[in-house]
Amino acid sequence: MTSDAELQGQLVAIFGTEAEERVQAMNRHLLALETDLSGAELDEQLAGLFREAHSLKGAAGAVGMPQVEAIAHRLESVFEGVRNGTLALQAAAFDVLYAGVDAIGALVPAADEGRPAPVDADAVMATLERLASTPAGTPEPADTPEPHPPVPGPPVGEASPSADEVPAAVHSPPSPDPAPSPPDPVSAPPASPVGAEETVRVTVAKLDTLMNQVSELVVARIAADQQLAELRRLQEDLGQWELAWRGARPGRAPDAAVLVRFVEAGSARLGGVRRQVDLLVRGGQAEGRRLGQAVDELREEVRRARMLPVSTVLDGLPRLHRDITRELGKEAGLEVRGGDVEVDRAVLEQLRAPLTHLLRNALDHGLETAETRARAGKPRRGLVTVAAAQREGVLQVEVTDDGAGIDPARVRAKALERGLLTAEAADQADDREVLDLVFRSGFSTAAEVTGLSGRGVGLDVVRDHVERLGGIITLDTASGRGTSFRLELPLTVSTTLCLLVGAAGRPFGLPVTSVVRIERTRAEDIGWVGGNQVVPVDGRPLPLVPAATLLGLQPQASSGASTVVVVGSAERRTALAVESLLGVQEVVIKPLPWPFARVGGTAGAATLASGDVVMILNAADLTRPGYAGEPGRAAGPAPAPTEAAPADQATVLVVDDSAVTRTLEKSILEAAGYQVRVAADGAAALDLLGREPCDLVVTDIEMPRLDGFSLTERVRADERLRDLPVVLVTSLDSEDDRRRGVEVGADAYIVKGAFDQDRLLETIRRLI
């Protein structure tokens with residue numbers, strides 16, 4: 001039986017995920033409201049905001065987060081006032097509402113991790129109360145202090161880059177009137193403590209599919225047990241045969257006749273053994289194929305269960321765009337496409353920080369001020385586009401702006417000033433090589449350090465995240481027309497197909513996606529340029545380096561032709577001389593533990609089918625200019641039940657759009673002996689009632705699609721369901737709401753604020 005502490009932990013974990021989703025939904029509704037909606041569209045957004053705040057309030061109360069509950073209640077009051085026409089939202093009011101939503105987003109993970117509150121909840125509540133009490137038509141103060149909420153970051157439990165880690169690419173021409181340095185935003189929450197559990201939602205259908213695959217494995221295990229039993233019988237037969245031979249072999253038998261009889265009997269026995277072995281081999285092969293298919297299907301289903309839409313990350317960008325454009329005073333639109341592409345959760349976690357940096361970079365450096373754009377004959381309002389797509393098994397994400405573009409001459413000049421290039425190297429380097437410098441740590445041409453730029457941290461973070469996933473990032477820019485960053489990432493990192501090569505007498509792995517081609521090279525094909533070996537590939541000389549040398553190992557002596565593997569990352573290519581090709585194998589790459597996590601040239605380690613552990617090489621490191629390959633680069637618990645339910649186990653349907661509330665009520669009822677079904681809203685409840693009989697319904701009121709009042713009306717209007725008891729459990733406690741509950745035919749009305757399990761269980765026992 002689940003303990004109170006375990007149940008509380010489960011509820012808090014569920015609430016963390018639910019709060020993240022509801023905060024994102026409230027941000028979307030607020031962004032829509034800022035576009036001056038009217039009529040039905042305005043009513044729809046307000047209803048959505050009220051519903052999200054209402055559900056957050058109820059769920060926060062259930063898990064014992066009073067500050068979150070209080071802020072959600074005040075947000076609910078503001079939205080109710082706007083909906084009733086007693087309150088009008090002006091520009092400053094949106095800043096207050098965003099601050100309240102962000103406060104919830106910061107308080108939930110802090111409470112979950114046992115950290116102090118990162119925001120002043122009392123101040124946020126006081127500001128919301130003042131807003132709620134402001135009558136409609138009150139003029140907006142001239143100098144309303146603007147709150148500075150936390151910039152939207154990663155989901156609950158995930159660390160985000162600090163405010164200092166901001167993009168620092170260089171675009172031209174620079175803004176003639178740089179915006180003053182804004183106040184530094186509140187720091188993002190620290191990373192989750194070690195051991196914090198991460199969760200992902202999985203549909204029941206996917207779990208059913210996984211269970212079916214597990215059933216196939218159970219069948220395979222039974223077959224393996226049967227084959228093992230056959231092998232043991234064969235082992236016993238061979239043991240008896242060995243004993244007979246000991247008695248019949250020359251030197252022990254009294255005469256040759258015994259030996260002859262043994263040979264004759266042995267011939268027949270040998271035929272039987274051969275038939276048994278043949279059957280076992282055929283059965284083993286069949287079961288091996290069956291087991292392999294079951295494992296492959298199970299692995300594929302688990303991979304699909306880990307897949308999430310890219311919108312999980314993209315949905316946070318509009319709010320970030322809104323905050324940055326307000327800080328910079330720029331006019332810019334944002335277009336987001338491709339949110340339905342599904343990607344492995346691990347990839348999404350690494351994608352959030354790069355997209356945040358690239359969006360900031362585009363808004364701060366890429367887009368000019370409205371006046372500068374107007375002088376250049378461009379629309380005053382700039383545009384940033386973030387587009388995701390799946391092409392040939394790869395996730396492609398492009399962040400494009402229609403700004404001034406990056407000037408290679410300015411990058412070259414800054415590199416000379418910083419000593420990153422010599423005068424000779426600067427003259428010889430082409431524009432693409434020069435532009436690659438913007439990814440260098442600490443490189444920036446910003447004229448001043450502000451809260452958004454000038455520290456030289458940003459694009460190097462982007463490339464680090466991308467290459468950590470085995471992806472590549474490319475840059476395309478045109479003067480006066482804008483800049484585009486393209487990220488190419490694997491859709492999943494669960495398994496990787498690797499080419500196994502030999503170097504210094506040891507096996508190593510290269511992800512197949514980084515292998516451009518494989519060639520045999522003769523000694524006479526190798527040339528020298530600037531004291532370095534090169535080999536011609538497609539008419540272009542590529543640096544040729546023994547793989548062992550790059551890894552800081554001693555290469556084995558070789559003569560004659562050698563095998564060359566050309567690896568690539570973005571536009572860079574390097575020819576690796578390897579000692580042998582060992583085949584291709586699908587492996588699971590695991591990161592190296594500290595202090596080996598940043599050993600140069602490596603992406604991790606993997607265990608081969610043979611059991612050998614091999615290092616997996618990182619093409620992005622091996623192709624980087626100047627890479628030398630030196631080693632070492634480097635609330636209170638849920639209440640207990642009071643009385644058991646009747647022995648026949650009546651079935652109760654719990655209807656609530658809050659996963660926390662559903663889980664809490666389900667736990668209470670199951671502990672009391674009831675069978676429980678759950679539904680996320682009234683429409684889902686009606687569908688379930690049409691398929692499965694239930695003895696009683698416990699429902700919330702404020703829900704999407706179909707609310708609790710409407711659900712009760714539908715139940716009473718249905719001949720089959722009209723006598724079904726309905727209990728309304730809600731935080732709406734006004735007399736009008738209670739009267740409406742009676743009018744629609746509810747059998748009981750329980751207010752969540754005065755909720756206790758004894759009252760709920762007693763009500764259910766009375767009605768069933």
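1. Helix 4 (residues 91–113) and helix 5 (residues 121–132) pack at an angle of about 145°, and their axes lie 10 Å apart; here axes are lines fitted to C-alpha atoms over the stretch in contact, and angles run from 0 to 180 degrees between N-to-C directions. Helices (H or I, at least four residues) and strands (E, at least two) are DSSP runs, numbered from the N terminus. This is a predicted model, in which local features need pLDDT of at least 70 and side-chain atom pairs count only at pLDDT 80 or more, while totals for chains, interfaces and linings use all residues. Residues are numbered from 1 along each chain as its sequence is written, and side-chain values use heavy atoms, with hydrogens and water left out.

2. Where the two helices meet, with contact taken as heavy atoms within 4.5 Å, helix 4 contributes residues including Ala-93, Gly-100 and Leu-107, and helix 5 contributes, among them, Val-124 and Leu-131.

3. Five strands form an open sheet of mixed pairing in the order 16-8-9-18-17, where two strands pair if DSSP finds at least two bridges between them. Strand 16 (580–587) and strand 17 (602–607) are at the edges with a single partner strand each, so one side of each has no neighbour in the sheet. Strand 8 (residues 496–503) pairs with strand 16 in the antiparallel sense over seven bridges.
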